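Here is a walk through the aromatic rings of one protein structure. Please keep the sequence and the 3D view open while reading.

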Amino acid sequence: QEEGYELLCPGARQGERRAMLALLLPQLPDDILLLLFAYADAQALGRLSQVCRRFQRLINKDTLWRSIARVSLNTGLTRLGRDSFPQIALKDRVKASRNWKHGRCRQEVPLRWKCNLLPWLQLDQQWLYLSQASDIRAYSLSRNGTGLRRRPIAVYTGHQDDVCRFVLNGSQVVSGGGNGKIIVYDTCSSFCTEYSAHNQEVNCIDSRGHVIVSGSRDKTARIWSLNSNCLGECMHTIRTEDRVWSIAINPTLSSVLTGTACCGHASPLRIWDLQRRCVMEWEEPHDSALYCLQTDGNYMIASGSSHYGVVRLWDRRQSKSLQMFFLSSPNSSPVYCLRFTTSHLYAALANALYTLDFTSSKLWGLPGKEPQTPTVTYPGRCT
């Protein structure tokens, strides 16, 4: 023990080192406590934070949680080291991460509509954008992220047909409609620009910087300019062999990726490298088509399937599905789109918007009320 204190306090005399041996844990200086706490896991840190206010203050520091957050699900830390939610304490994100892993959540339905639609949604800070038929509605999320205000704060109109897809690019909402038109809305003003883009419906769209890319059933993908001096000008047209169902711009703006219709059976969920080699593959247990995907940029993938509103969580380090949630049973509806933050998952189905809240479950094994987790019996395959 004296050798250990010699390493921590090399200048201390032998008598001082013996005196330090008699110190209780709360009597140690902050820097020594932080060094000791760094060896504790999440559960131990949670229990230590209940000892006293001083321990709680030290354990709330992000430095203690960063290494734990890097290997946890959906904490906002990407593999490239970027922090997507720096305004939220890492301790709270690790807490919610364990709830994602164990499927502890509270299910709510903040919005319903009477007729079946093909909705799409996007998240931006404290706003949720949801397409309903030919309109795009913006809803305000509460500051603590625990609720959705049911009355929209803005409605973007102009499409004569249903909105198929839309994306957010800074202060702009870029949307593609069923009549082949693209409309760009400015959220800071009432200005919008409309132009004819394709001969058939716009199946997919993406936008970064001053560029828009779109794909259509007319077997073309097109690249458009967002510069004010040539807004709406088609810069390139890419001819494909079949309908374009998905499209994305490389973050460096150096390339465009397209996904087209094809025949033949393939595993629903795969990860490919840039040499077109499959590096990871999972089988969907009920052999349902996957309608949407999102990743946390690290280990977690969320997928929405074509039957009974099934949402699955996947861990890239495991070979099987991590968690499964039924959102629309017994009435079957695909999950047309899903988005998530570190605390909530939002899923748009044919007739409702569902939310899963992962913030309020018991975490550290301390006394508390266990929340009600939705459990639904799988109704069977649709034939």
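**Aromatic rings and their partners**

In this predicted model, Trp100, Phe325, Phe340 and Phe358 are joined into a cluster by ring pairs. A search of the whole structure gives seven aromatic pairs.

A pair of aromatic rings is described by the distance of the centres and the angle of the planes. One of the seven pairs is made by Phe37 and Phe55. Their ring centres are 5.3 Å apart and their planes stand at 75°, which makes the pair edge-to-face. Phe37 belongs to helix 3 (residues 30-37) and Phe55 to helix 5 (residues 53-59), so this contact ties together parts that are 18 residues apart in sequence. Phe37 and Phe55 are both buried.

Now return to two members of the cluster, Trp100 and Phe358. How are the rings of Trp100 and Phe358 arranged? Their centres are 3.8 Å apart and their planes lie at 10°; planes under 30 degrees apart count as stacked, so Trp100 and Phe358 form a stacked pair. Trp100 is part of helix 7 (residues 90-102), while Phe358 lies in the segment after strand 24 (352-357). The pair therefore ties together parts that are 258 residues apart in sequence. Trp100 and Phe358 are buried.

Definitions and conventions
Residues are numbered from 1 along each chain as its sequence is written. This is a predicted model: local features need pLDDT of at least 70, side-chain atom pairs count only at pLDDT 80 or more; totals for chains, interfaces and linings use all residues. Side-chain values use heavy atoms; hydrogens and water are left out. Rings of Phe, Tyr and Trp (its six-membered ring) pair if their centres lie within 6.5 Å; planes under 30 degrees apart count as stacked, over 60 as edge-to-face and the rest as tilted. Helices (H or I, at least four residues) and strands (E, at least two) are DSSP runs, numbered from the N terminus. Buried means under 20% relative accessible area, exposed over 50%, partly exposed in between (1.4 Å probe, protein chains only).
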